Amino acid sequence: MVNPRLRIDKWLWQARFFKTRSLATKQVSGGHVRLNGNRVLKSAQPVGPGDVLTFPQGRIVRVVRVEELGERRGPASEAQTLYTDLTEKRDETPKNPGFEGKGRPTKKDRRALDLSRTKEG
């Protein structure tokens, strides 16, 4: 039996990692995608079940293992069955500024702050 394969840009698009297929092609052609640890430069590179893809998405680097090849670009629930996410989970919620317990600055405090800013220049 022949091992089924699919173009890497088409698979990334079907798995909903990129909004358009042309965006997926640009990422691959730009050398930002790795297939089993090797850099991929051609969007026609075939991928199949068991292959591991590494690519940047936003501010994180995604690592996914291809589980299935899709027939179409379906809903997100269908797309999530195409891969296993191997990306390390990080809790990167932005830290809120610390509250010093002072509350809102008074008008006197704001004037002092404005004066200190104008003296710096």
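**Note on a predicted model: sheet, salt bridges and pocket**

1. Asp-85 is partly exposed, with a relative accessible area of 28%, where buried means under 20%, exposed over 50%, and partly exposed in between (1.4 Å probe, protein chains only). This is a predicted model, in which local features need pLDDT of at least 70 and side-chain atom pairs count only at pLDDT 80 or more, while totals for chains, interfaces and linings use all residues. Residues are numbered from 1 along each chain as its sequence is written, and side-chain values use heavy atoms, with hydrogens and water left out.

2. Asp-85 forms a salt bridge with Arg-62, the closest N and O atoms being 3.1 Å apart; a salt bridge here is a side-chain nitrogen of Lys or Arg within 4 Å of a carboxyl oxygen of Asp or Glu. The pair links distant parts of the chain, since Arg-62 belongs to strand E6 and Asp-85 to strand E7, 23 residues apart. Arg-62 is buried, with a relative accessible area of 13%.

3. By this rule the count comes to seven salt bridges. One of them joins Arg-5 to Asp-51, with the closest N and O atoms 3.4 Å apart; Arg-5 sits in the segment before strand E1 (6-7) and Asp-51 in the loop between strand E4 (46-47) and strand E5 (52-57), 46 residues apart. Arg-5 counts as partly exposed because its relative accessibility is 41%, whereas Asp-51, at 10%, counts as buried.

4. Five strands form an open sheet in the order E3-E2-E5-E6-E7, with antiparallel pairing; strands (E, at least two residues) are DSSP runs numbered from the N terminus, and two of them pair if DSSP finds at least two bridges between them. The edge strands, each pairing on one side only, are strand E3 (38-40) and strand E7 (83-85). Strand E2 (residues 33-35) is joined to E3 by three bridges, and Leu-35 stands opposite Asn-38 in E3.

5. Which residues line the largest pocket? They are Ile-60, Val-61, Arg-62, Val-63, Asp-85, Leu-86, Thr-87, Glu-88, Arg-90 and Glu-92. A pocket is, on a 1 Å grid over the protein atoms alone, an open set of points where a 1.4 Å probe fits, with protein on both sides within 12 Å along at least five of seven lines, and lining residues have an atom within 4 Å of a point. Strand E6 (residues 60-66) gives the most to this lining, with four residues.
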